[in-house]
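Okay, thanks for coming, everyone. I'd like to walk you through one chain today, so let me put it up on the screen.

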Amino acid sequence: MPLPDDLANCLVLNTVAAARALVRRYDAKLKPFGVTVQQFSLLAAIRYNPGATAAALSSRIHLDRTSLIRNLDRLELKGLARRVDGSGGNMRVSQLTDEGDVLLDRLLVEWQAAQAGLMRGSSPEETAAYLKISRRFSR
């Protein structure tokens with residue numbers, strides 16, 4: 001039977017707790033702009049991967065296909081992105097709208113400030129170690 005200390009040191013439980021806290025923090029920063037962290041990452045993925053399939057975008061931003069489509073629908077309703085059907089029934093995202101491009105530029109500034117704030121109090125070595133470990137676990 002696991003001991004309380006075993007659970008307190010569980011990598012999965014601590015990772016989930018950290019992820020939820022980070023998403024809440026970033027969602028709060030992005031709320032005034034009318035988007036979530038997932039929608040922000042999707043806007044950036046669309047800009048930097050033009051014409052990508054939904055499956056490719058899903059893999060790129062670590063979002064399951066259903067959540068990606070739901071968020072893309074929301075971005076379309078807001079007039080921030082548009083999509084077209086590709087050959088063979090593959091849904092492709094064509095591009096951000098002008099409004100989406102302008103918003104993403106603003107969001108990137110907010111993201112950079114949030115990143116800087118989050119990293120305050122951590123050394124460059126700690127940040128590098130965290131990223132190395134979290135990337136390994138996410139494979």
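Some ground rules. This is a predicted model, so to speak of local features I need pLDDT of at least 70, side-chain atom pairs count only at pLDDT 80 or more, and totals for chains, interfaces and linings use all residues. Residues are numbered from 1 along each chain as its sequence is written, and side-chain values use heavy atoms, with hydrogens and water left out.

We've got 7 helices and 2 strands. Reading from the N terminus, the order is α-α-α-α-α-β-β-α-α. The C-alpha trace spans about 55 × 35 × 25 Å along its principal axes.

How much of the chain is buried? Of the 139 residues, 25% are. Buried here is under 20% relative accessible area, exposed is over 50%, and partly exposed is in between, with a 1.4 Å probe and protein chains only. As for contacts, meaning heavy atoms within 4.5 Å, take those with a separation of 6 or more: 50% of them join residues 24 or more positions apart.

Now the core. A nonpolar core is a set of buried Ala, Val, Leu, Ile, Met, Phe, Trp, Tyr and Cys residues joined through side-chain atoms within 4.5 Å. The largest one has 22 residues, and Leu-42, Leu-43, Ile-46, Leu-57, Leu-68 and Leu-107 have the most contacts inside it. At least two core residues come from each of H3 (37-48), H4 (54-61), H5 (65-77) and H6 (98-119). Which helix gives the largest share? That's H3, with 6 residues. As general background, nonpolar side chains tend to be buried together in soluble globular proteins.

So let's stay with H3. Its 12 residues reach 17 Å from first C-alpha to last, close to the 16 Å expected at 1.5 Å a residue; the expected span is 1.5 Å times one less than the number of residues. Buried residues in H3 include Phe-40, Leu-42, Leu-43 and Ile-46.

Leu-43 is the one I'd zoom in on. With a relative accessible area of 0%, Leu-43 is buried. Leaving out residues up to four places away in sequence, Leu-43 touches Leu-75, Leu-80, Leu-96, Leu-103, Leu-104 and Leu-107. Take Leu-103: 60 residues from Leu-43 in sequence, 9.1 Å away C-alpha to C-alpha. With that sequence cut-off again, Leu-107 touches Leu-30, Phe-33, Val-35, Phe-40 and Leu-43.

Next, the loops. Pro-50 sits between H3 and H4, and Pro-50 counts as exposed because its relative accessibility is 61%.

His-62 is in the loop between H4 and H5, exposed at 65% relative accessible area. What's the phi of His-62? It's near 55°, a positive value in a residue other than glycine. For context, most residues other than glycine have a negative phi.

Last stop is Ile-133, in helix H7, residues 124-137. Ile-133 is partly exposed, at 38%, and its C-alpha is 32 Å from that of Gly-34, 99 residues away along the chain.

That's my tour, thanks.

Technical notes:
Helices (H or I, at least four residues) and strands (E, at least two) are DSSP runs, numbered from the N terminus.
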